[in-house]
Amino acid sequence: MNPLVQPLLVGSPYRLRPFTAADVPVVQEASSDPLIPAITTVPASGSRQAALAFIERQHQRLVDGTGYSFAIADSSSDQAVAKSDCG
């Protein structure tokens with residue numbers, strides 16, 4: 001396995017994949033939860049610009065060799081899910 005290629009992990013009903021710009025609304029929703037920004041690097045501001053910067057930082061983790069960052073997506077639609085979608 002090439003460490004500079006992020007794996008895609010698939011299991012029904014979800015899959016783990018790299019974040020994309022289409023995930024901005026989910027990052028913004030996570031920003032509205034007071035706990036998530038307090039314990040993660042999700043921005044507290046909730047702006048589109050802050051969400052895009054968060055996504056770029058997640059991509060940079062792979063380049064820097066500091067780890068993989070995954071979005072949780074519906075395995076059939078590939079749409080990232082919000083915490084309310086997970087149960």
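**Figure 1. The largest nonpolar core of the predicted model has nine residues**. The members are Phe-19, Val-24, Val-27, Ala-30, Val-42, Ala-51, Phe-54, Ile-55 and Ala-71. In soluble globular proteins, nonpolar side chains tend to be buried together. Ala-51, one of the core residues, touches Val-24, Val-27, Gln-28 and Pro-43, leaving aside residues up to four places away in sequence. The model shown here and in the other figures is predicted, not determined by experiment.

**Figure 2. The protein chain as a whole contains three helices and three strands**. Along the sequence these elements follow the pattern β-β-α-α-α-β. The C-alpha atoms fill a box of roughly 35 × 30 × 20 Å, taken along the principal axes. Of the 87 residues, 30% count as buried. The chain exposes about 5,400 Å², and carbon and sulfur atoms supply 60% of this area. Among contacts with a separation of 6 or more, 60% are between residues 24 or more positions apart.

**Figure 3. Three strands form an open sheet in the order S1-S2-S3**. The pairing is antiparallel. Strands S1 (9-11) and S3 stand at the edges with a single partner strand each, so one side of each has no neighbour in the sheet. From one strand to the next, the twist averages 20°.

**Figure 4. Strands S2 (residues 14-17) and S3 are joined by four bridges**. The two strands run antiparallel. Tyr-14 stands opposite Asp-74 in S3, and Leu-16 stands opposite Ile-72 in S3. Strand S3 (residues 71-74) has Ala-71 and Ala-73 on its covered face, while Ile-72 and Asp-74 lie on the uncovered one. In a regular strand the side chains alternate between the two faces of the sheet. Ala-71, on the covered face of S3, is also a member of the nonpolar core in Figure 1.

**Figure 5. Arg-17 lies in strand S2**. Arg-17 has a relative accessible area of 6%, and because the cut-off for buried is under 20%, this residue counts as buried. Beyond residues up to four places away in sequence, Arg-17 touches Gln-6, Leu-8, Asp-23, Ser-69, Phe-70, Ala-71, Ala-73, Asp-78, Gln-79 and Ala-80. These contacts include Ala-71 and Ala-73, the two residues on the covered face of S3. Arg-17 and Glu-29 are 12 residues apart in sequence, and their C-alpha atoms are 19 Å apart in space.

**Figure 6. The peptide bond from Ser-12 to Pro-13 is cis**. Omega for this bond is near 5°. Pro-13 is found in the loop between S1 and S2.

**Figure 7. Asp-78 has a positive phi although it is not a glycine**. The phi angle is about 65°. Asp-78 is found in the segment after S3 and counts as partly exposed, at 32% relative accessibility. Asp-78 is also among the residues that Arg-17 touches.

Key. Residues are numbered from 1 along each chain as its sequence is written. This is a predicted model: local features need pLDDT of at least 70, side-chain atom pairs count only at pLDDT 80 or more; totals for chains, interfaces and linings use all residues. Side-chain values use heavy atoms; hydrogens and water are left out. Buried means under 20% relative accessible area, exposed over 50%, partly exposed in between (1.4 Å probe, protein chains only). Two strands pair if DSSP finds at least two bridges between them. Axes are lines fitted to C-alpha atoms, for helices over the stretch in contact, and angles run from 0 to 180 degrees between N-to-C directions. Contact means heavy atoms within 4.5 Å. Accessible areas come from the Shrake-Rupley method with a 1.4 Å probe; for residues, only the protein chains shown count as cover. A nonpolar core is a set of buried Ala, Val, Leu, Ile, Met, Phe, Trp, Tyr and Cys residues joined through side-chain atoms within 4.5 Å.
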